Amino acid sequence: VSASSIGRLVMLFLVRWSRYNPYYLEPEPRKELYNMPETELTTEQKEERELKAVRPIKATTNSTTSSVFNDPVLSKFVNMMMRDGEKILARGILTQTLESLKRKQVEKYHKAPQGKKAEIECNPYAIFHQALENCMPVIGLASIQKGGKFYQVPVPLTDNRRRFLAMKWMITECRDNKNRRTLMYEKLSQELLAAYSKEGNVIKRKHELHKMAESNRAYAHYRWW
Amino acid sequence: MEWTSSLIVPQDSIKSNWLIPAPPKVLSRQLCVSSALHRKNLAAAGPEKFSEEFIKKQVEEYNIGKRHLANIMGEDPETFTQQDIDRSIAYLFPSGLFDKRARPLMKVRPEFLPGQLKSVQWGADGRPFHFLFYTGKQSYYSLMHDTVAKVLAAEKQQVLLLSEGPVPQDTKPISLVGSRWLLKEELEELLVETISDHDYARFIQLMERLLSLPNCLSEKDFVQRYRKQLEIQSSKQQVAPLQYDENGVAYSTADGRRKTATCTVLLRDCGSGSISINGRDYLHYFPVLQDREQLMFPFHFLDMLGRFDGQCTVGGGGRSSQAGALRLAISRAMLSFLSEGQVESMRQAGLLTPDPRVKERKKPGQEGARRKFTWKKR
């Protein structure tokens with residue numbers, strides 16, 4: 001079966017399609033990668049460069065830049081927080097969150113005794129990444145039908161899925177269990193700090209998922225992939 | 001009514017077995033065939049077949065005739081094209097016939113051009129030239145035969161080398177990155193034969209197997225014949241030459257589009273770094289940080305942040321699409337100031353591709369492009 005016929009079949013059955021031909025490759029906006037001299041490249045990178053030279057490349061999205069402040073994880077988080085296409089509001093909330101994280105940490109830093117000062121992390125980006133990593137589940141559950149019943153089967157998760165679950169739990173937690181008077185960025189910074197020190201509701205939810213997976217480990221053989 | 005004589009001769013070579021009855025002996029007689037039957041038989045014979053020497057003779061005669069015609073017209077025989085031939089014939093043999101196909105013509109039959117038609121594959125005695133003729137796809141099977149011979153030779157050589165001592169093998173001696181396998185249609189064109197999808201898949205499988213062997217460097221030419229070089233994408237970029245105004249300052253203009261927003265940009269190599277959009281400063285026009293980031297993206301990527309002075313006009317679309325259109329226009333305008341390596345890195349960063357995403361249309365029976373109407377049970 002030729003490649004073109006496979007492509008056409010795929011077009012018929014999948015609903016999620018793209019305006020780009022599948023021949024197009026993803027763009028690479030970071031500028032450090034283009035300044036590396038020939039000698040520092042591995043064979044894989046050299047091959048990738050040769051491939052990129054002959055293939056057309058997609059256009060970079062609106063939220064990506066070559067700036068050092070551009071973070072794909074943060075962009076994804078902003079998009080997930082966004083409602084009704086209000087990106088400005090979502091991004092504003094995130095900026096306020098990072099600012100309030102910084103303020104709280106700096107306050108702690110100044111109040112702490114000399115010995116403890118080095119342990120306090122003041123970089124809000126580092127806190128955000130570490131908190132997300134602490135929230136990411138290691139194993140997940142999948143609903144598999146066998147013999148007419150649906151079983152919750154423990155299943156390994158991909159990195160993207162784990163990151164998505166961590167961010168989703170964080171956002172839903174902040175939206176649902178928020179006091180009426182507290183603002184979103186306030187609650188989010190509290191949750192992030194709690195997750196950074198491995199406390200809080202999101203971490204609890206992660207542990208519950210792990211416990212469920214552990215208890216259902218008898219059904220692990222139902223997974224066929 | 002047409003009369004055709006045909007002779008049905010009993011097969012003397014078949015020895016009649018006492019179990020099998022002998023075939024009936026039919027004497028030769030005239031067969032009366034109607035014109036309708038005769039027409040059917042012609043169609044059943046298939047397309048007209050020509051022998052190799054006939055085709056060669058026709059092409060030679062055409063070439064000689066072309067040279068004669070050029071001499072007649074007083075032109076150079078070496079540079080006499082088909083268009084000149086048509087012109088000369090129309091001049092020498094003027095025809096008032098309405099149907100263009102009925103006018104005199106001097107052309108090689110399109111089937112006789114190389115790679116179009118298979119000449120008759122058997123000689124006057126009826127014996128085919130190629131030993132694989134009776135497979136039906138002789139070029140395909142002979143190609144597979146040759147490739148398998150090469151694979152076996154390479155494996156034998158590998159065994160010999162291994163018996164001498166363990167040799168460090170480098171992965172992929174033949175580089176595959178800048179080329180692709182010929183498509184099924186292209187292979188059919190090369191072989192002048194139709195092959196099935198299964199045949200094509202087997203061919204590709206066999207070639208991949210040949211390439212997986214370590215000592216296949218000697219077969220590089222053979223493999224390259226069945227691979228097509230992909231053209232380098234950066235050569236497709238059209239870079240306008242740099243223009244200079246009266247003060248000697250270099251400038252360039254470019255357009256950009258994104259969704260419904262269109263814009264034009266004039267970049268001047270001043271050294272000020274100020275950008276004005278529709279007469280207003282960019283800080284006033286784009287109060288949102290994301291749009292300003294998009295505007296500065298091409299400058300920041302090439303480390304030319306304060307170098308250029310921009311005058312832009314933008315219209316249509318929303319704030320985000322206007323920013324995207326400006327980004328594309330700025331990247332295009334900057335191309336004339338850059339070296340080829342920088343152009344290629346801009347292209348790989350995704351700055352030079354126009355974004356094809358547009359608003360998806362609403363479909364009938366649905367509320368929006370994707371949203372369906374509320375499902376009601378009854």
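How many helices and how many strands are there in chain A?

1. Chain A holds eight helices and two strands, where both are DSSP runs numbered from the N terminus, helices being H or I of at least four residues and strands E of at least two. Read from the N terminus, the order is α-α-α-α-α-β-β-α-α-α. The radius of gyration of chain A is 22 Å, well over the 17 Å from the globule rule for 225 residues, so chain A is more spread out than a compact globule. That radius is taken over C-alpha atoms, and the rule is 2.2 Å times the number of residues to the power 0.38.

2. The model is predicted: local features need pLDDT of at least 70, side-chain atom pairs count only at pLDDT 80 or more, and totals for chains, interfaces and linings use all residues. Residues are numbered from 1 along each chain as its sequence is written, chains are lettered from A and ligands numbered from 1 in the order in which they are written, and side-chain values use heavy atoms, with hydrogens and water left out.

3. Of the 225 residues of chain A, 36% are buried, meaning under 20% relative accessible area (1.4 Å probe, protein chains only). Along the principal axes, its C-alpha atoms fill a box of roughly 70 × 60 × 40 Å.

4. Chain B is divided into domain 1 (52–102), domain 2 (138–165 + 174–229) and domain 3 (243–349), with bounds from an automatic or database domain assignment. The C-alpha centres of domain 2 and domain 3 of chain B are 49 Å apart.

5. Phe93(B) lies in the loop between helix H3 (82–92) and helix H4 (138–164) of chain B.

Methods. Buried < 20%, exposed > 50% of the residue type's maximum accessible area, 1.4 Å probe, protein only.
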